[in-house]
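Let's take a walk through a protein model and stop at a few spots along the way. Keep the structure open beside you and look up each place as it comes.

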Amino acid sequence: MALSIPEIQKAAWRCPSNIALVKYWGKKGKQLPANASLSFTLADLYTETTLLCTREHPGTLVVYLDGVHQPAFEPKILEFMQRIGDLLPWLTEYGFSVATMNNFPHSSGIASSASGMGALALCMAEIHARLNNQSMDFVLASNLARLGSGSACRSIRGAVSMWGQHDDYPDSNDQHAIAVDALLHPVFQGWMDAVMLVETGSKSVSSTQGHALLSEHPYAAARFQEANRNMSRLKRILQEGDIPSFVALVESEALQLHAMMMCSSPSYMLMQPQTLSIIQKIRSFREQTGIPVVFTLDAGANVHVLYAGQQHKHLEETLFVDLAKDCERGRYICSNIAAGSASLT
Ligand code: DP6
């Protein structure tokens, strides 16, 4: 290798989580999406990671979460490092220590793979740039994050991010996400997400297993087509500020994700009775008040409630008091929708 490899390298990054409006559910090839997806970035729910590389014991890895050694995390990260070896040939020269923390509670049921893989990918992209005397390459960071966890590639840049080749989105591609903040009509600026914590244990299906269910799924082709159509519709909706269509599309996407899980083989039911209770309460509150509050779901029982930031105080005093009754220990977490990755050095 032509590079001169220093004894020690260090980088530290913060990376936010994200919530998809049009869902990525199904893959092809090497960690490529079966359909395009679009997400809001959750700037206040993030992971901070410090990556230390030393030449003493090449090939070794230790992972710490909140200062505590976590051997259980190591195989996934080692596998990730192998997967990206052709992009970062210097990886074989080093041993690694990864120290990470999430600012949201561990047991919140909020997926940390997007923010966690995103933060690690940002650290690796920074070291790669330094070794090659280049400037930080966020496209590379998003590409690396995708290879760690697909949805992570959408956490690297922007408040609104899309991933996957789609004819309606210039520069879109399957390798990395692009920021599409410019699409947002002013009515969608300053929106927030309140995550209702229904179930805080571990999920009964990992995303990786979940994606695999699509390969034999009788409705897979129709779902991928509908997701891509929803990407076209959502672009117009975001540009025109069409809130009623936004509500209908985002809620339909969440329910399609769960419908696909329910009728896959094996079948998974990740919603809990409280999930449905929250959904009903959101719909009747919206009908009664005319205030646009919109639910979406991840691959779990928690409910994400999207709303305009100006309504935050009012919703805390009304709707959220009611929704919290369906949450474990009454807990929910709010985040601004904004770009959030940052170097910590
Ligand atoms: C339901 O990105 O966690 O959150 O690529 O296997 O790591 P892997 O899957 P992951 O899948 C996320 C699925 C989802 C929808 C989404 O974020 O688009």
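Start with valine 62, which sits in strand β5 (residues 61-65). Keep in mind that this is a predicted model. Is valine 62 buried, exposed or something in between? With a relative accessible area of 27%, valine 62 is partly exposed, because the in-between class runs from 20% to 50%. Now find serine 97: it is 35 residues away from valine 62 in sequence, yet the two C-alpha atoms are 4.9 Å apart in space. Setting aside neighbours within four places in sequence, valine 62 also has Phe96 and Val98 among its contacts, along with His69 and Glu74.

**A polar residue inside**

Next up is asparagine 18, part of strand β1 (residues 8-22). Its relative accessible area is 7%, so asparagine 18 counts as buried. What does the side chain of asparagine 18 make a polar contact with? One partner is the side chain of arginine 154, at 2.8 Å. A polar atom of the asparagine 18 side chain also lies 3.0 Å from the backbone oxygen of serine 151. Beyond four places in sequence, the residues touching asparagine 18 include Ser39, Phe40, Thr41, Leu42 and Ala114.

**Two helix pairs**

Two packed helices are described by the angle between their axes and the distance between the axes. Let's do that for helix α2 (residues 113-131) and helix α3 (residues 138-148): their axes come within 8 Å and cross at roughly 135°. That angle makes α2 oblique to α3, and the crossing is right-handed. On the α2 side, the contact is made by Met117, Gly118, Ala121, Leu122, Met124, Ala125 and His128. The α3 side brings Phe138, Leu140, Ala141, Leu144, Ala145 and Gly148. Sort the residues of this contact and you get 10 nonpolar, 3 polar and no charged.

For the other pair, α6 and helix α7 (residues 273-289) pack at about 170°, with their axes 14 Å apart. Why is this pair called roughly antiparallel? Angles over 145 degrees get that label, so α6 is roughly antiparallel to α7. Here Val247, Glu251 and Leu255 in α6 meet Ile282, Arg283 and Arg286 in α7. These residues divide into 3 nonpolar, no polar and 3 charged.

Glutamate 251, in helix α6 (residues 243-262), is buried, with a relative accessible area of 3%. Its side chain makes a polar contact with the side chain of arginine 283, at 3.1 Å. Not counting residues up to four places away in sequence, glutamate 251 also touches Val293, Val294 and Phe295, among others.

Last stop: where is proline 266? Look in the loop between α6 and α7. A cis peptide bond joins serine 265 to proline 266, with omega at about 0°.

How values were computed
Residues are numbered from 1 along each chain as its sequence is written. This is a predicted model: local features need pLDDT of at least 70, side-chain atom pairs count only at pLDDT 80 or more; totals for chains, interfaces and linings use all residues. Side-chain values use heavy atoms; hydrogens and water are left out. Axes are lines fitted to C-alpha atoms, for helices over the stretch in contact, and angles run from 0 to 180 degrees between N-to-C directions. Helices (H or I, at least four residues) and strands (E, at least two) are DSSP runs, numbered from the N terminus. Angles under 35 degrees count as roughly parallel, over 145 as roughly antiparallel, 65 to 115 as roughly perpendicular and the rest as oblique. A crossing is left-handed if the near helix is turned anticlockwise from the far one by less than a right angle, and right-handed if clockwise. Contact means heavy atoms within 4.5 Å. Ala, Val, Leu, Ile, Met, Phe, Trp, Tyr, Cys and Pro count as nonpolar, Asp, Glu, Lys and Arg as charged, and the others, Gly among them, as polar. Buried means under 20% relative accessible area, exposed over 50%, partly exposed in between (1.4 Å probe, protein chains only). A polar contact is a pair of N or O atoms within 3.5 Å; within protein, one must be able to donate a hydrogen and the other to accept it, and residues adjacent in sequence count only if both atoms are side-chain atoms.
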